[in-house]
Amino acid sequence: MPAPYPFSAVVGLDDLRTALLLTATNPAIGGVLVRGEKGTAKSTVVRALAGLLPELDVVTPCRFACDPVAPDPECPDGPHPSGVAARTRRAALVELPVGATEDRVVGTLDIQRALADGVKAYEPGLLATAHRGLLYVDEVNLLPDHLVDLLLDAAAMGRAHVERDGVSVKHAARFLLVGTMNPEEGEPRPQLVDRFGLVVSVGAPTEPAPRVEVVRRRLAYDADPDGFAARWAAADATLGERIRAARSRLPGVVLPDAELDRIARLCLAYGVDGLRADIVVARAALTLAAWHGRAEVTAEEVREAARLALPHRRRRDPLDPPGTDEQALEDALDAAENTPDDTRDDGPDDGGGGGGAPRPDAADGEGAPTKPASAPGTPYKPKVLTLPKTGQRAHTGRRSAAYAARGRVVGARLPRAESAPVHLPATLRAATARGSRTVHRGDLREAVHMGREGNLVLFVVDASGSMAARQRMRTVKTAVLSLLRDAYQRRDRVGMITFRGAGAEEVLPPTSSHEVGVVRLAELRTGGRTPLAAGLRAAATTLRTERRRDPRRRPLLVLVTDGRATAGPDPLAVVAELGGTAAVVIDCEAGPVRLGLARRLAAALGADCLRLEDLSATTLRRAA
């Protein structure tokens with residue numbers, strides 16, 4: 001196996017290198033999340049970090065990497081007596097793949113020993129292997145929800161608690177968590193992002209010289225990995241020694257009250273929620289001081305720690321644009337330099353999150369020129385829209401019922417995989433039916449679980465001139481924004497088609513980046529006639545493409561219209577092109593006299609029809 005790429009040979013990426021070295025020095029900071037487009041050496045740098053971590057002393061017979069000096073009293077392989085035999089090894093680098101199963105992550109019943117020896121034994125998972133080492137999650141934003149929950153629990157408690165398949169086990173699970181992601185593929189859950197102490201955005205070099213040096217070093221490594229690693233071994237060894245020295249200095253570093261006060265004022269000025277930001281900035285500043293060989297924290301360490309620990313903690317709404325607001329952070333750093341009285345009147349969210357000043361509404365009437373619609377109002381909790389029948393849960397989510405890898409047990413069946421969870425009562429019944437008191441392999445049954453899946457929610461929105469009249473488009477945009485937020489929380493993919501004037505436009509191809517949908521919605525313009533049939537045809541084309549790309553993700557069509565068609569063919573004539581797609585029609589018709597065209601269209605689609613004012617879950621509860 002070739003030697004890994006040396007950490008010291010990485011060109012540029014100073015913020016990422018600093019963040020990784022800090023968390024390697026002080027794992028209590030909480031790990032690093034690396035954001036960057038593809039091909040920016042994210043994975044290369046993270047894997048290179050494992051070679052710098054100090055070696056560990058571990059109890060020899062222990063599968064959970066217990067420290068012989070302070071073994072875990074609840075270790076499943078324990079208790080370990082004092083003076084137990086130990087060995088020295090490198091810290092483990094454990095990679096958690098996106099497609100990992102829950103039992104592979106937390107561990108499960110050792111079926112082989114259960115069948116062969118009749119004992120209830122536990123097979124450790126990846127969390128046990130990563131204890132006191134490095135747990136690396138590539139494409140962490142694509143990690144299924146149930147695995148995210150496991151990581152959050154382990155990161156919060158430093159322990160893994162396993163209750164499954166008749167096994168009840170607790171073991172230590174303290175690790176350095178590093179995740180990488182490409183923002184183009186969607187954002188991870190805010191709860192997971194908040195657990196990372198530091199977040200760094202990386203990009204490719206924008207100057208020729210560093211790009212040339214990157215290619216030169218990569219070609220040299222590919223030609224002779226071991227020789228290239230040997231040339232950088234001394235530099236990596238120096239960094240490893242510096243990590244050990246900083247670890248030894250860290251307990252003696254002092255955080256003066258003045259700098260602690262600066263951290264508090266900085267976090268208040270930046271507008272973060274909770275106290276985790278203050279704690280992480282303080283830990284990072286202490287670690288920076290230890291790294292630089294200083295006895296106490298200065299303003300320089302506080303500023304550098306804030307740039308790594310704060311940017312991802314300011315988002316007030318999960319659909320706010322992700323990334324770093326550099327100017328807001330600089331303003332907060334400047335405000336923290338002033339006295340508390342000076343900073344009290346400086347609002348942290350001046351102009352942020354409000355979508356900008358409202359734009360003038362479009363004029364009434366279908367013949368009016370195209371103008372921007374008014375900004376959406378405050379989103380609300382909408383009625384839950386679900387698909388009929390039961391899916392196969394090809395994609396983890398929280399919308400429609402589907403057979404799942406976890407959830408409520410609804411039955412049992414023959415196992416479809418070696419690692420399938422055993423349904424013990426059904427297994428024993430199968431053995432009893434044979435008249436045997438011994439369980440054979442053919443008696444094994446796996447549990448069938450019912451959970452929730454994520455869907456493709458395709459919005460088809462009427463943006464014609466009639467929708468702009470009497471502030472109706474503001475109400476429509478508020479409803480769509482509320483449904484977008486709901487789709488984000490339920491882990492759906494979303495797309496958006498608008499129709500007005502002479503035709504329809506796919507303003508948002510199906511994506512997991514719900515933030516882009518919010519931007520497209522804010523930019524939505526209205527005016528012209530109503531080509532409803534063109535909108536339905538465009539939806540049919542998009543759905544056919546998505547079915548070929550991902551046949552197991554079930555779609556839900558959300559049609560937002562008043563049912564009027566003033567251009568193009570009769571929309572009822574193109575309904576068949578949608579091929580029985582599950583749909584919901586949001587009826588936007590207003591006024592004392594209603595023609596019921598949207599309800600007629602819903603009947604042709606076989607869809608539910610909701611009036612726009614009844615979409616809010618609060619409104620529905622009051623009506624009940």
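Here are some notes on this predicted model, going from the whole chain down to single residues.

1. Ground rules. Local features need pLDDT of at least 70 and side-chain atom pairs count only at pLDDT 80 or more, while totals for chains, interfaces and linings use all residues. Numbering runs from 1 along each chain as its sequence is written, and side-chain values use heavy atoms, with hydrogens and water left out.

2. The chain overall. You are looking at 22 helices and 22 strands; these are DSSP runs numbered from the N terminus, with helices being H or I of at least four residues and strands being E of at least two. Of the 624 residues, 49% are buried, where buried means under 20% relative accessible area, exposed means over 50%, and partly exposed is in between (1.4 Å probe, protein chains only). The chain exposes about 29100 Å², and carbon and sulfur atoms supply 52% of that. Those areas come from the Shrake-Rupley method with a 1.4 Å probe; for residues, only the protein chains shown count as cover. Among contacts (heavy atoms within 4.5 Å) with a separation of 6 or more, 78% join residues 24 or more positions apart.

3. The aromatic pairs. How many aromatic pairs does a search of the whole structure find? There are four. Rings of Phe, Tyr and Trp (its six-membered ring) pair if their centres lie within 6.5 Å; planes under 30 degrees apart count as stacked, over 60 as edge-to-face and the rest as tilted. Take Tyr 5 and Tyr 221: the ring centres are 5.1 Å apart and the planes sit at 65°, so this pair is edge-to-face. Tyr 5 is in the segment before helix H1 (14–25) and Tyr 221 is in helix H8 (residues 208–223), so the pair ties together parts that are 216 residues apart in sequence. Tyr 5 is buried at 11% relative accessible area, and Tyr 221 is buried too, at 10%.

4. Together with Tyr 5 and Trp 232, they form one aromatic cluster.

5. Cysteines. Don't expect a disulfide here: counting pairs of cysteine sulfur atoms within 2.5 Å, the total is zero. Cys 66 is in no disulfide, and its nearest cysteine sulfur, on Cys 75, is 3.6 Å away. As for accessibility, Cys 66 is buried at 3%, and Cys 267 is buried at 2%.

6. As background, most residues other than glycine have a negative phi, and most peptide bonds are trans. The peptide bond from Gly 78 to Pro 79 is cis, with omega near 0°, and Pro 79 is in the loop between strand S2 (56–59) and strand S3 (86–89). Leu 13, not a glycine, has a positive phi of about 55°. Leu 13 belongs to the segment before H1 and is buried, with a relative accessible area of 18%. Glu 139 also has a positive phi, near 55°. Glu 139 is in the loop between strand S7 (134–138) and helix H6 (145–157) and is partly exposed, at 31% relative accessible area.

7. Leaving aside residues up to four places away in sequence, Leu 16 touches Val 34, Val 45, Val 200 and Val 202. Leu 16 and Ser 201 are 185 residues apart in sequence, yet 7.8 Å apart in space, C-alpha to C-alpha.

8. A serine in H2. Ser 43 is in helix H2 (residues 42–49) and is buried, with 18% relative accessible area. Not counting residues up to four places away in sequence, Ser 43 touches Tyr 136, Asp 138 and Thr 180.

9. A surface patch. Val 214, Val 215 and Leu 219 make a nonpolar surface patch of about 250 Å². Patches use residues with over 30% relative accessible area and no salt bridge, joining like charges within 9 Å and nonpolar side chains (Val, Leu, Ile, Met, Phe, Trp, Tyr) within 5 Å; a salt bridge is a side-chain nitrogen of Lys or Arg within 4 Å of a carboxyl oxygen of Asp or Glu. Val 215 is in helix H8 and is partly exposed, at 47% relative accessibility.
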